[in-house]
Amino acid sequence: MPLIEINFDGLVGPSHNYAGLSLGNLAATGNAGLTSRPREAALEGVEKMRANLRLGLTQGLLPPHDRPDDRWLAALATDYASAPSHLKAQALSASPMWAANAATVSPAPDAVDGLCHLTVANLVTMAHRSHEWPETLAQLRLAFADPAFLVHPPVPAPFGDEGAANHMRLCERHGEPGVEIFVYGESGGPFPARQRREASEAVARAHRLDPARTIFAQQSVDAIAAGAFHNDVVAVANERVLFAHELAFEDKAALYADIAAKAPWVEIVEVPAHRVSLADAIQSYLFNAQLVTLPDGTMALILPGEARGNAAVWSWLGEMIAGNGPIRRLEVVDVRQSMRNGGGPACLRLRVVCDPATVDPRFLVDEAKLDRIAGVIEAHWPEEIAIAEIGDPALLDRIRTARRALLDTLGLIELIDR
Ligand code: SUG
């Protein structure tokens with residue numbers, strides 16, 4: 001079986017809420033305190049996966065983590081009942097849904113040892129995300145237990161690593177050797193730069209990448225300051241196409257020259273700032289689209305509804321599609337609940353290029369499995385979580401029961417106590 005790209009979507013967990021925990025993520029902080037709708041959020045995610053299946057794509061799933069994270073609270077010498085309210089919110093966050101931050105993935109053709117490498121992200125910059133990695137590691141070691149893969153533990157603190165959200169791969173076809181671009185931040189005005197160059201370099205070394213096909217590029221300070229807390233809010237790559245905002249990178253000329261030297265076949269589709277401002281790009285999540293290759297070899301852009309709702313963005317996209325560029329089709333999905341936390345279609349998925357036969361099938365989905373998952377969500381996910389409910393013991397029981405029911409359905413009950 002040839003190597004193909006599989007999108008593993010993080011399923012929105014039953015504790016999905018709007019605590020406003022991510023400084024520098026304007027949607028998350030701007031919507032702090034809203035009442036969330038976990039059931040709707042998870043069903044939106046299921047519909048997005050169905051839409052991808054119907055495009056002929058192979059789809060995987062990563063289940064929600066155990067929340068609240070009692071082990072993390074215990075390490076902080078407290079428990080949920082007595083923890084101060086900010087720790088309660090941090091322990092309860094459903095943030096593992098944004099699977100683009102689960103790990104960095106280097107497919108086998110890129111590594112000198114011929115293995116597909118995954119390094120779990122440490123996510124140390126944000127407290128509520130810093131405790132995701134142990135369960136992510138457990139899940140990935142299960143899903144990718146085949147000897148075709150090597151799953152690495154996270155890079156140590158203090159070198160922040162946010163995984164695939166700051167990593168792009170260019171290649172002529174998914175199964176062929178690629179050029180990997182690691183985008184790090186040095187500074188972001190008032191906001192933290194979450195990806196450190198040292199972390200990216202450590203990941204590239206661990207993945208046994210060829211330096212001649214590896215690029216390190218700085219994310220633009222202006223983009224981070226405008227609210228692009230990850231590179232995947234201002235750029236996305238797929239096969240031979242890089243789709244990026246004009247102001248995504250600090251030294252664009254040097255990066256484009258490096259790409260031209262290492263991957264002369266690349267087509268750069270750049271959106272000029274005078275057509276779509278950074279503010280519009282970030283509000284609409286134009287670049288947090290899934291840029292995918294369809295079975296007929298053409299490319300489609302899977303966009304959030306917010307991109308259609310932004311006049312400047314939609315008119316630019318209309319012209320792009322009417323032209324003769326490499327992106328031939330637009331698909332719009334509704335992930336509004338996740339978007340309110342700053343998570344678009346691309347945030348919700350981790351791409352792994354591999355032979356699907358080497359993946360634990362419990363992590364792959366088809367329509368029938370998605371029907372069963374939707375049934376569990378309808379029966380168990382809370383309809384709403386008001387911010388004042390975050391300390392409510394009845395809510396915690398519901399959240400745990402809901403996750404158990406899902407793991408049962410997936411045959412993954414061994415993850416209950418990873
Ligand atoms: O890390 N939001 C996430 C969104 C991650 C989006 N991922 C990518 N761009 N790939 C974050 O900022 C909000 C949680 C809260 O505020 O309650 C949050 O964590």
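Let's start with three rings: Phe8, Phe144 and Phe149 make up one aromatic cluster. Keep in mind that this is a predicted model: local features need pLDDT of at least 70, side-chain atom pairs count only at pLDDT 80 or more, and totals for chains, interfaces and linings use all residues. Residues are numbered from 1 along each chain as its sequence is written, and side-chain values use heavy atoms, with hydrogens and water left out.

Back to the rings. The structure has five aromatic pairs. Rings of Phe, Tyr and Trp (its six-membered ring) pair if their centres lie within 6.5 Å; planes under 30 degrees apart are stacked, over 60 edge-to-face, and the rest tilted. Phenylalanine 8 and phenylalanine 144 are an edge-to-face pair, 5.3 Å centre to centre, with 75° between the planes. This pair links distant parts of the chain: phenylalanine 8 is in strand β1, and phenylalanine 144 is in the loop between α6 (133-143) and β5 (149-152), 136 residues apart. Helices (H or I, at least four residues) and strands (E, at least two) are DSSP runs, numbered from the N terminus.

Phenylalanine 8 counts as buried because its relative accessibility is 0%. Phenylalanine 144 is buried too, at 2%.

Next, strand β10, residues 241-245. Five of its five residues are buried. On one side sit Val241, Phe243 and His245; on the other, Leu242 and Ala244.

Which strands pair with β10? Two strands pair if DSSP finds at least two bridges between them. Strand β9 (residues 235-238) runs antiparallel to β10, joined by four bridges. Alanine 235 has alanine 244 as its bridge partner. β9 and β10 form a hairpin with two residues between them, and glutamate 239 in the turn has a positive phi of about 45°. Strand β11 (residues 267-271) pairs with β10 in the parallel sense, over five bridges. There, histidine 245 stands opposite valine 271.

Notes. Buried < 20%, exposed > 50% of the residue type's maximum accessible area, 1.4 Å probe, protein only.
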